[in-house]
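Trainee: I am new to this structure. Please take a close look at a single part, and then show me what else can be read in the two chains.

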Amino acid sequence: MLRIENLRLGFTSGKNTLAAVDGISFSIAKGETFALLGESGCGKSATAQGIMRLLPAAGRVLDGHVSLDNENLLALSEADMRAYRGGRMAMIFQEPATSLNPVLTVGQQIGEVLRRHLGLAGAEAIARMVDLLRQVGIADPERRLNEYPFQFSGGMKQRVMIAIALAGEPELLIADEPTTALDVTVQAQILDLLATLQAERGMAILLITHDLGVVARMAHRIGVMYAGELVEVANREAFFGRPQHPYTQALFEALPDISRRGQLLSTIPGQVPSLSAMPSGCRFAERCIHVMPVCREQSPHWHGQEEHVVRCYWSGQARLANSACHEVSELGVSTGKGFLVVDGLKVHFPIRKGLLQRTVGHVRAVDGISLSISPGRTLVLVGESGCGKTTVGKALLQLIAPTAGSVRLGDNELVGLAGRRLRAARRHMQMIFQDPFASLNPRLRVGEIIAEGMEALGVAGNAVSRHATVSALLGQVGLPEEAGDRYPHEFSGGQRQRIAVARALAVQPELLICDEPTSALDVSVQAQILNLLKKLQGELGIAYLFITHNFAVVEYLAHDVAVMYLGRIVEQGRAEEVLRNPQHPYTRALLSAVPLPRQEGAAAVIRLPGEAPSPANPPTGCHFHPRCPNVMEVCRSRYPGKVEVSVTHSASCHLLT
Amino acid sequence: MMGFQIVVLWSDMLIWLLVAAGIGVGVLIAKTPPLLTAWRRVGANRVGMASATVLLAFILVGLFDSLHYRAALDGKPGQKVQYAVEVLSALDALATPLRTRSEKTYSEPFATRLYAKETVDVPGRDSVREYPRLKYGGRHLGEHEDEVAADAAFTAFRAGVLALLGWLALAGMAAAVVGRDSVIGWQRIWRGETAFAWNAVLVTLGLILLGVVPLFWLSGQYHVFGTDKVGQDVLYQVLKSVRTGLIIGLVTTLVMLPMAVLLGIVAGYFRGWVDDVIQYIYTVLNSIPSVLLIAAAVLMMQVVIDTHPQWFSTAAERADLRLLALCFILGITSWTGLCRLLRGETLKLRELEYIQAAQAFGVSSWRIIIRHILPNLMHIVIIALVMDFSGLVLAEAVLSYVGIGVDPTMTSFGTMINNARMELGREPAVWWSLVAAFAAMFILVLAANLFADAVRDAFDPRAV
């Protein structure tokens, strides 16, 4: 139905035009999902915008054809094109929070499409809107039509966005990372919804994503993009069974997974070449492990059968994923005495209202959690967004003053410490933040950034020894020594995260709190950072408190796991206990909702209805009961106590008592 | 050779300090790559560079007007040298013909006769009422009074040719700098291929030269902008006003900047009661009509100055102090906007992860402010600085018009407009004073605004 031939898109900068998408061709049939897979900056989104002719001001269509049912879209006038946009093809975007207009009601925003493309108005339109909202699974649609976007949660907004996209009855739906901003349980809901709608309407879907798990769940055919080119196009079976392009294989191998515990993840060396310096041969040659001389001279042509074509000279066998080298031994490390012991930690933020700013309630971000971290081990704190896991990290460091509870480091109580003694205690713990672009001051040199902690805490006295230490640290995190004289903006995301690691290591902490350190990074870069963290733990014996929502990372890295829901820990224990034998229904649902990057996908997903409630007003009894598939009467009235499943494994659920 | 005594007025000191500070900041910028790249973007902006060239011309006039001296009076040899009461500037010395060739009263631009009838005794006849010849304007024409247009055009043409030659020389130098050891420098400038917007600068420079050289050439023979009520050349007044405008614009910014930056950052960073106090102060200040506040302060200051005449040895010193006091008053009443802006930005910055990382290291609050917050606010400060400048020049005009601005003996755009207000009521109207003041102020403020736009574009992180 949709045919794209040799599409080239470029962005003008000054007098030059840089081709961001360079000659890609593919087609999508009715009722088919075509997934465009690739890392950030490879031209996926530009392709989608090019198809919709919604390129930004600097963007140009340089060459090629885009046709929908043999109608050349690139030749249409702007007025005719508008009938296509939202009519025959529609788009949903990554960030539901910004793709809806906050000052219009949901009904007005859907009605806009109905009026434009179907000429519906009045009662007829309202009936249609109610119908649409019901299709995307929004309860009580009559009332919600008159509500504003802020009254909807993130997943609900994305449903509304899908309803708007469906309103014009499109034949092609372009979904640009539709679930990247959502939690796993909500992601599962949205992906299911898209699959159901596709089955009902026979829509074609162009799914743009970087997540192999999402691809595995949704796609019929897959195109892998690299540096503006398609390098491999295959149907689902061939793609997951025999990935052929070295880049595709490398992507698979870079994924952290339970089967790769204790091994180094394979990484892709180097970076995607910049648009202004594209190599003339194969664009992946510089980073390819199978590179041959011919690769650098001439760009390879497509070869292979109809359903699996690849653009590569190399035709060797894919390395088989070797699941036999699963190292269990590491899991058996005995738990020593915890050197960081958290007991009953609470962080409540007051909600103030009125003229006198009276406190009318509390957001219970962290509501009484107890943890213990032993030297050299990794405790992973996992949970969905808004469950308070980041607040825990900051409260441990005393960046946020805890409301109650105790944090003991060795024999020192940290809560309530101030001034010099707190500063001395901070030497033992450091934090690595989520966003490598926000965590480095853009106005300071890398060397100054790394040395800051040493100066503040009085480690490494004079300038000469500090300089030597900075060089040593840069070497330790795998950056060249001269990096110290450069500014953060000269580095890529992964390199910046290495700098952040070096900064934290500078004061020789015994505990590193890693707050989603890889969630802003591409898979191949994530693998590099995870390897680095693992290597440092081996060398220095640092303990990690790893905060994440990514289960693949949990499986790969964790010694101990604590699952958080709405400010409380619902289940904790050794990694293999929690992951193999989850006791709490929430843990089970979370585990089953993670899309696996395999052809067979997940066996049976436990559907969780709705989304996590607000910690300002948690449900009575067990916080999880409104979403729990096994809810009982007692759950509604009383919060369950902690039940020991084994010496190291415990969960808070009435089912276990 | 006449002796002279250098007089350093307070405002001169501030101006030259500012120049020194400007050079210092320039050196600092050259050493800080992120700032340097931002300023390079300003340098590549054609409109920005064209307006910067115009601004530079104004600043040059202002700087010449900031070198003050008192000329020695002719005395008998052996006596102690006496100095004139009048304080002159280098600009006055350069423009001596403009300054000294005063007519009796109003005359139109390029006029050869006064704008008012007088009774003149004509030899052989009785006294006649007529428009008398000007003492200086068009004197060289003698009997051929009606040839003004031809004469002026010819003179302007000659001056224009000279200006063109001068411009070609400058352009040649620029081309030599750009091209270094090759000849293609000229082509690169012409096609706009240089990183610095040389073509815009050269075109503006050409226009300025073509306008200014003939103007000054003609001003030797005519009153090109006419004369005012006391016969003073309006062009001279315009030139003198430039310094007043610049001082008001720059010194005021200097007064308010430390206050706005410090209070804004402190309020945003520490929050709590500090934030409350600072917010209350600026909200209260903002809710009083600023003109009233300024009027009250200026009137009080005037009383102080009037009751202490012994403080000042010359009238210029008194006027100067009053000007500075006005700057302070304007500064103290106008910091709220920038303060509010910086507070908001600091509230955003303090939640950023690199600030939290610094806190986790136990870095002290003041060190965080200086190392992490202030450098990241600099773009806002620079933008506000340039934007406020034009606003303050305009504010001076308004205040002087209301009568609470600079000293009446000091020439400024405001006093010029204020005086012209009366003249507009005459029949026929005297329009040239007002038009000249407006035009000069318009060009100055427009250039400042366009430059501010260029600076904002270059420093806006979202545009990068």
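**An enclosed helix and its surroundings**

Mentor: Helix α7 of chain A is largely enclosed by the rest of the structure, because 13 of its 14 residues are buried. Keep in mind that this is a predicted model. Helix α7(A) covers residues 154–167. From the first C-alpha of α7(A) to the last, the helix reaches 20 Å, close to the 20 Å expected at 1.5 Å a residue. Just after α7(A) comes A:Glu169, with a positive phi of about 50°.

Chain A also has strands to look at. An open sheet of 8 strands runs in the order β18-β19-β20-β15-β21-β22-β24-β23, with mixed pairing. Its edge strands are β18 (429–432) and β23 (642–644) of chain A, and each of them pairs on one side only. On average, with direction ignored, neighbouring strands of this sheet are turned by 20° against each other.

Strand β13 of chain A (residues 340–353) has antiparallel pairing with strand β14 of chain A (residues 358–373), over 12 bridges. There, A:Lys353 stands opposite A:Arg358 in β14(A). Strand β13(A) also pairs in the antiparallel sense with strand β16 of chain A (residues 404–409), over 5 bridges. In that pairing, A:Lys346 has A:Ala404 in β16(A) as its bridge partner.

Now to chain B. It has 17 helices and 5 strands, and 39% of its 464 residues count as buried. The C-alpha atoms of chain B fill a box of roughly 100 × 65 × 55 Å along the principal axes. Of the contacts in chain B with a separation of 6 or more, 70% are between residues 24 or more positions apart.

One helix pair in chain B deserves a look. Helix α3 (residues 46–64) and helix α9 (residues 234–270) of chain B pack with their axes 8 Å apart, at an angle of about 95°. That angle makes α3(B) roughly perpendicular to α9(B). On the α3(B) side the residues are B:Phe58, B:Ile59, B:Val61 and B:Gly62, and they meet B:Leu239, B:Val242, B:Arg243 and B:Leu246 in α9(B). By class, the residues of this contact between α3(B) and α9(B) are 6 nonpolar, 1 polar and 1 charged.

Chain B has an open sheet of 3 strands in the order β1-β2-β3, with antiparallel pairing. Strands β1 (4–7) and β3 (88–89) of chain B stand at the edges with a single partner strand each, so one side of each is left without a neighbour in the sheet. Strand β1(B) is joined by 4 bridges to strand β2 (residues 68–71) of chain B, and the two run antiparallel. B:Gln5 has B:Arg70 in β2(B) as its bridge partner.

Last, the place where the chains touch. Chain B brings 16 residues to the contact and chain A brings 21. On the side of chain B, α2 (33–44), α14 (353–360) and α15 (365–402) each supply at least two residues. Helix α14(B) gives the most to that side, with 7 residues. By class, the side of chain B that touches chain A has 10 nonpolar, 5 polar and 1 charged residues.

Notes: Residues numbered from 1 in each chain as written. Chains lettered and ligands numbered in written order. Predicted model: local features only at pLDDT ≥ 70, side-chain atom pairs only at ≥ 80, totals over all residues. Buried ≥ 20, exposed ≤ 12 C-beta atoms within 10 Å, placed from the backbone. Contact = placed C-beta atoms within 7 Å. Axes fitted to C-alpha atoms, helices over the stretch in contact; angles between N-to-C directions. Parallel < 35°, antiparallel > 145°, perpendicular 65-115°, else oblique. Nonpolar A, V, L, I, M, F, W, Y, C, P; charged D, E, K, R; others polar. Pairing = 2+ DSSP bridges. Expected span 1.5 Å × (residues − 1).
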